[in-house]
Amino acid sequence: MNTISTLWQLDTLVRASDHLTNSTNEPLQLQNFIENQFLDCAHTPEWIDSPSPRSGKLLLKVPLSPPNVVDYAINVASRAFPAWSQTTPHERSDLLLRVASILEEKKDMFTVWESIDQGKTLFRARSEVDRSIEHFRYFAKYILHDESVVHLNKGTGDSTLTHEHRVPVGVYAIVTSSNMPLFLLTSKIAPCLAFGCTGVAKPSELTSMTAFLFGEVLRQAELPPGVMNIVFGNGTDTGSTLIGSPLVKGVSFCGAIETGIQIRKDTAADIHKHMSLEIRGSSPILVFGDVDVDEAVSAAAYAAFENSGQLCLGGSRIFVHKSIYRMFLLKFTRYVHSNYGLDKELGPIVFGEHYSKIRSHLVQAGEEHASVRTDSPVVQEEIFGPVATVLPFDTEEKAVKLCNNNSNGMGAVILTDDLARMSRVGEHLDAALVWGGCWLGRELGAGFSDIRATGTGQEGGTRSREIFTGLRAVHVPSY
C-alpha cells in the first residue's frame with residue numbers, strides 16, 4: 001500500500017496515532033503530485049526530515065525536489081494552460097464544487113493531520129479546514145456572476161464599442177507558509193483555478209502533509225492533468241527554481257518578510273510577472289476606557305493567542321487607555337494563565353528555530369524588566385508566537401499614532417462601546433482589515449489589499465480576480 005492509500009484510511013486521531021506509534025511502520029514519505037499522479041520516490045534524490053512539533057521526533061520525510069522535477073511540473077502546467085484557460089466558468093465552477101465536496105467528505109482526516117503536522121489544536125484545525133472548503137464554494141459561485149463590461153464611446157473620431165473582459169495570466173507559482181497550511185494553500189489554489197490559471201504549488205517543508213493529501217482530492221475531483229501540481233522542498237532550492245522560471249507568469253506568496261524580500265530580488269528582472277506577496281504581520285489591538293474590561297480582556301486574549309499566536313492577523317500589540325490600564329493588565333494576566341494552557345488552548349510552535357527566536361524576545365523583555373518602550377524590538381518586530389505586549393495610551397490621536405508606527409500591521413482590532421469612535425479610528429488606521437468589537441470573522445468577498453509595507457498581497461473576490469487575470473479591452477466600430 002502506498003503512502004496516500006495508507007493516509008486516506010487514517011482519518012481519526014486514534015488511527016493516526018496508532019500508526020505513528022507503531023515501531024514497525026517506516027516514517028511516512030510524501031510524493032510530488034504532478035500531472036494528476038504521485039511521482040515515484042525514485043525521482044527524489046534527497047529528503048527533508050520534518051519533525052513532529054509536539055515530540056520533536058521524525059514525523060515525515062519530505063522530498064527536496066531538484067530543479068529537473070520542478071521544471072517538469074512547470075512545463076506540465078504550461079502545456080495544460082491553453083485548454084484550461086478556455087474552459088467555461090460553469091466547467092470550472094463544477095470542478096471547484098467537486099473539490100469542496102471531497103474535502104467535506106474527508107474533513108475529519110484533514111483536521112487530524114493538520115493538527116498533528118502543524119501542532120495546532122483539533123478545534124483550530126477543524127475551523128481552518130471548514131474555511132478551506134468555503135474557499136472553493138465561494139469562488140465556484142463568484143465566477144458564475146462575474147460580468148464583462150461594455151462601453152459605447154462617442155468621441156471626435158469614429159465611435160467604438162469597447163468590450164472589457166478578463167483573461168487568465170498563465171502559470172502561477174503558489175508558495176505558502178507553515179502557520180495555516182491547508183487554509184493558505186486553498187486560499188490561493190481556489191482562485192487560481194477559478195479564473196483559468198494553472199499552477200505549481202510549494203507548501204512549507206515544515207508542514208507538507210495536508211498539501212500532499214490535497215493532491216489526492218484534486219485527482220479524485222478529476223482535475224485535468226497538469227492544471228495544478230504540488231511539489232515539495234525548501235525555499236532556497238525548490239522555491240527559487242519555481243519562482244525563477246520564465247514559464248511562471250505570476251507568484252502568489254504568503255510568509256515571512258525575509259522570504260518576500262528574496263522573492264522580489266529573484267524576480268526583479270521579470271518585470272512582467274504578476275506578484276502578490278502577503279507578508280505575515282503583527283497587528284494592534286486598541287482598548288478604550290469605555291469598554292467592559294472583562295469582555296475586552298477575553299477578546300484581546302483570543303486575538304493574541306489563537307493558533308499559539310501564529311496568525312498573520314494576530315493581535316500581539318495591545319494598547320490600553322491609561323484610565324483602565326492597570327486593571328486591564330492585572331485581569332489580562334490572570335485570564336491568560338487560567339485559560340491558555342499548553343496542549344489545551346495552545347499548541348507548540350511549529351519548529352525549533354522559531355521557538356528559539358521567540359525565547360530570545362522573552363529574554364530581552366526580562367532584561368528590560370518587562371517594561372518595554374514602543375520602540376523596543378519586542379513591540380516593533382513580528383514575534384509570531386504566544387507573546388503579547390500591553391502598553392498604555394492617553395488620547396485617541398496617540399493611539400492611532402502608536403498603531404501606525406509599525407509597518408507590520410496587517411489588521412487591527414478596536415474595542416470600544418462608542419460606535420462613532422470605532423468608525424473614526426478605523427478610518428485612520430493603516431490596516432487592511434479592521435474589526436470593531438470582534439475579531440477574525442470576515443466575508444470572503446470583502447477581501448483585502450495590503451496597505452503599507454506588509455506586502456503587496458490581495459485576496460478575495462475582485463482582488464483575487466485582479467491577481468490571477470489581466471484586463472483586455474476589445475474595440476470595434478459602433479454604427
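## Contacts around Thr 176

Contact here means heavy atoms within 4.5 Å. The model is predicted. On that definition, Thr 176 touches Leu 184, Leu 185, Lys 188, Lys 202, Pro 203, Ser 204 and Cys 254, with residues up to four places away in sequence left out.

Thr 176 sits in the loop between strand E8 (171–175) and helix H7 (181–194). Its relative accessible area is 4%. Buried means under 20%, so Thr 176 is buried.

## Overall fold

The protein chain holds 17 helices and 20 strands. Its radius of gyration is 24 Å, close to the 23 Å that the globule rule gives for 479 residues, so the chain is as compact as a globular protein of that length. Along the principal axes, the C-alpha atoms fill a box of roughly 80 × 65 × 40 Å.

Of the 479 residues, 54% count as buried. Consider the contacts with a separation of 6 or more: residues 24 or more positions apart account for 77% of them.

## Surface and charge

The protein chain exposes about 20900 Å². Carbon and sulfur atoms supply 51% of that area.

There are 43 positive and 54 negative charges. Their mean positions are 2 Å apart.

## Salt bridges across the chain

The count of salt bridges comes to 17. One of them joins the side chains of Lys 61 and Asp 49, at 2.8 Å from N to O. Lys 61 lies in strand E5 (residues 58–63) and Asp 49 in strand E4 (residues 47–51), so this pair ties together parts that are twelve residues apart in sequence. Asp 49 has 49% relative accessibility and counts as partly exposed.

Glu 278 forms a salt bridge with Lys 188, and the closest N and O atoms are 3.6 Å apart. This pair links distant parts of the chain, 90 residues apart: Glu 278 is in strand E12 (residues 274–279), Lys 188 in helix H7. Both Glu 278 and Lys 188 are buried. Lys 188 is also among the residues that Thr 176 touches.

The side chains of Arg 421 and Asp 290 meet in a salt bridge of 3.6 Å, N to O. Here too the pair links distant parts of the chain, 131 residues apart. Arg 421 belongs to helix H16 (residues 419–426). Asp 290 lies in the loop between strand E13 (284–287) and helix H11 (293–305). With a relative accessible area of 31%, Asp 290 is partly exposed.

Salt bridges also form a network. Glu 104, Lys 107, Asp 130 and Arg 137 are linked in it.

Most residues other than glycine have a negative phi. Two residues here depart from that pattern. Phi of Glu 35 is near 55°, a positive value. Phi of Asn 36 is near 65°, also positive.

Glu 35 is in the loop between strand E2 (33–34) and strand E3 (37–38). Asn 36 is found in the loop between E2 and E3 as well. How do they stand on burial? Glu 35 is partly exposed, at a relative accessible area of 30%. Asn 36 has 14% relative accessibility and counts as buried.

Conventions:
Residues are numbered from 1 along each chain as its sequence is written. This is a predicted model: local features need pLDDT of at least 70, side-chain atom pairs count only at pLDDT 80 or more; totals for chains, interfaces and linings use all residues. Side-chain values use heavy atoms; hydrogens and water are left out. Helices (H or I, at least four residues) and strands (E, at least two) are DSSP runs, numbered from the N terminus. The radius of gyration is taken over C-alpha atoms; the globule rule is 2.2 Å times the number of residues to the power 0.38. Buried means under 20% relative accessible area, exposed over 50%, partly exposed in between (1.4 Å probe, protein chains only). Accessible areas come from the Shrake-Rupley method with a 1.4 Å probe; for residues, only the protein chains shown count as cover. Lys and Arg count as positive and Asp and Glu as negative; His and the chain ends are not counted. The place of a charge is taken as NZ of Lys, CZ of Arg, CG of Asp or CD of Glu. A salt bridge is a side-chain nitrogen of Lys or Arg within 4 Å of a carboxyl oxygen of Asp or Glu.
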